[in-house]
Amino acid sequence: MRSRLNVRILLSFLAIGVIFLCLSFAFARGIIDFWLAAVLVLFTAAGFGLVVSWSVNRTLGDVVETAQSLAHGVLDRKAGIYAGDQVGRLAESLNVMAERLRQSLDAVTAEKNRMQVILDSMADGVIATDRSGAVILVNPVVAEIFDIDEKSARGKSVLEVVRDYELDRLFREALASGQPVKKELRILTPEAKIFRVHFTPLKSPEGGVVALLRDITERRRLEMMRTEFVANASHELRTPLTSILGYVETLLDGAVDDPELARRFLGVINDEARRLTKLVDSLLDLARIEEKRTAFRRQPVDIRELVEKAVRVFEPQARAKGLALSVEMPDGLPVVEGEPDLLARVVVNLLDNAVKFTDRGSISVRGHAVENGVELEVEDTGPGIPAESLPRVFERFYRVDKARGRETGGTGIGLSIVKHIVEGHGGQVRVESQLGKGTRFIVFLPGGHPS
Ligand SMILES: Nc1ncnc2c1ncn2[C@@H]1O[C@H](COP(=O)(O)OP(=O)(O)O)[C@@H](O)[C@H]1O
Ligand SMILES: [Mg+2]
């Protein structure tokens, strides 16, 4: 029933008029008496009135309710279109408006979600403030770094959120100048970290600043390590070179004419040149192992055989120094997966130190099975290592006694090679030592029994 409302009202009045006429006629003819006619007219009029008001209510009521829902933000309700008149058109416009609103809202929500996903997946920290300096947004990276809650940070000042005066000052500087600011900052988070921070004033009329924080602590640490390494390596290379140059100059200045002196100097030059070669070789080895670390060619290794072979190499040296050299490797040790040559280097380097630094007593190599692998111990009765040097002996170029180390031809690289190889195989190496009593190196290598 899609007739127009005003037509319906008109028809209703017409119907009432006709009925009224009929009743007047019946009354005039004496067919019904006055009261009956009056009551009938009253009821008919009331009936039609009800019908009209119901009809008006149905069309307009729905429109009104839909408009009210819209006002409350409910956009999926639709007004029924019962007539083709103005009320129907109103309902239709309302529906179109609701649909458009819903579409725009969907688009805005999708855009907002996209922005949120981007912010959430960023590796850098983001802090945005409004023009008054109050935080309007921090992303999860910032929340994690500074151990704060993303939501509760909103509305607070930068200083309250990050507790760093310099960062706060730079925010205000960018806000005041309207110019981007770039700076490297050391911030306590509470541990000290180094950030590269870009402050960019927002272009919107509302103003404000957004800061991008990139954690460069690790990069700076590696850079420092590299610089340190180059400095150390140059220093180590320079020492024998200076010595060689010195002796060569003395020879050229006339010492060459004294055969005995010349022979002694040439002997020193020879030693220094060898040391230099050894140093360069060790450095190359270290670089090669570092490079290979992720791609060791692994194969099952019989640790017992490997250790016994290495020990045999040192027997003549030990005997010459009057040292007792013993091996205790039980049968049936777990099998280690690794590169045999590199694992042999571990044992050789440890034995080399033990024999080199120990002047009397004994050196023993022991192996035993532990949970998930094998433990190897190389123990000596040498001079021991001072407690303060223990954490450093695995560093490159570190020697406890530089002068003595040089005398014995040490480069300070042997143990760092050991550490690299062992860790590259998923193991660990540690050292225990007592000054004047001796030293024990313990190597753990993961392994298992062949199934
Ligand atoms: N068994 C040991 N007894 C005493 N000191 C040791 C022993 N092994 C290593 N060290 C100390 O650790 C330092 C580093 O060892 P390493 O890296 O092998 O270098 P290098 O043998 O070339 O000196 C040595 O210079 C020495 O001071
Ligand atoms: Mg060594």
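Two residues are taken to be in contact if their C-beta atoms, placed from the backbone, lie within 7 Å. In this predicted model, that criterion places 14 residues of domain 3 in contact with 11 residues of domain 4.

The two domains belong to a chain whose domain assignment gives four parts: domain 1 covers 5-106, domain 2 covers 122-215, domain 3 covers 222-293 and domain 4 covers 296-451. Between domain 3 and domain 4, the C-alpha centres are 26 Å apart.

Which helices supply the side of domain 3 that touches domain 4? At least two residues come from each of α8 (217-252) and α9 (259-292). Of the elements involved, α9 gives the most to this side of domain 3, with 10 residues. Sorted by class, the side of domain 3 that touches domain 4 comprises 7 charged, 5 nonpolar and 2 polar residues.

The description now turns to the ligand. Around ligand 1 there are 21 residues, of which R399, V400, G410, G414 and L415 come nearest. Two or more residues of the shell are given by each of the helices α11 (340-357) and α13 (414-424). The largest share of the shell around ligand 1 comes from α11, which provides 4 residues. As to class, the shell around ligand 1 has 9 nonpolar and 9 polar residues, together with 3 charged residues.

Note on methods:
Residues numbered from 1 in each chain as written. Chains lettered and ligands numbered in written order. Predicted model: local features only at pLDDT ≥ 70, side-chain atom pairs only at ≥ 80, totals over all residues. Domains from an automatic or database assignment. Nonpolar A, V, L, I, M, F, W, Y, C, P; charged D, E, K, R; others polar. Near = placed C-beta within 6 Å.
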